[in-house]
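Trainee: Please take me through one part of this model closely. I would like to see how a single side chain sits in its surroundings.

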Amino acid sequence: MLHRVVIAGLSAVAILTLAAGCAGVGETASGSDPAASVAVSDLAGKWSGTIGWVGAYQYEGESIITLQIREDGTFTAAVTPNRGTNNYAHASSLSGTVVARGNRVTLRNSQGPWTWVTLVRSGTTLYGVASDPASEANVMLKLDRDPSGR
């Protein structure tokens, strides 16, 4: 019982953190503070990581994601189920455009299950929480930049 309470509490904190961080999502890169803008070309390269359910207790779902950001501001991504996950994890593809503002990176998807996903950049890591439309579960995404380059 205590385990479920702890997981529920951690899930609530993660969702509140995401909600607070997304308050500026509607802003454009051409806002009043050009110094806050980050060139999308700075994000160009290969990123890889995982997508996992937040607070999963009955089933666990985890997928591997590979993201390729190009200097022209477009991206493609492939999501594949990780070994040992349940049958709720499905392979999918994403593609579209990247919008960068400060340390926020929004992937505006033109193909695949998500219409957009906003991640936070910290050095060579992108991370965030989103609602997976396929499973209707909250998922945490964490991607690290490939050190081998672009």
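Mentor: K142 counts as partly exposed, at 42% relative accessibility. Partly exposed lies between buried, under 20% relative accessible area, and exposed, over 50% (1.4 Å probe, protein chains only). This is a predicted model: local features need pLDDT of at least 70, side-chain atom pairs count only at pLDDT 80 or more, and totals for chains, interfaces and linings use all residues. Residues are numbered from 1 along each chain as its sequence is written, and side-chain values use heavy atoms, with hydrogens and water left out.

Now the partner. The side chain of K142 meets that of D144 in a salt bridge, 3.1 Å from N to O. The term means a side-chain nitrogen of Lys or Arg within 4 Å of a carboxyl oxygen of Asp or Glu. D144 is partly exposed too, with a relative accessible area of 31%. A search of the whole structure finds one salt bridge.

Next, the strand. K142 is in β8, opposite Y127. Strand β7 (residues 125-132) and strand β8 (residues 137-145) run antiparallel, joined by eight bridges. Strands are DSSP runs (E, at least two residues), numbered from the N terminus. Two of them pair if DSSP finds at least two bridges between them. In a regular strand the side chains alternate between the two faces of the sheet.

Finally, step back. Eight strands form a closed barrel, β1-β2-β3-β4-β5-β6-β7-β8, with antiparallel pairing. From one strand to the next, the twist averages 30°. That angle is taken between N-to-C directions, from 0 to 180 degrees, with axes as lines fitted to C-alpha atoms.

Note on methods. Helices (H or I, at least four residues) and strands (E, at least two) are DSSP runs, numbered from the N terminus.
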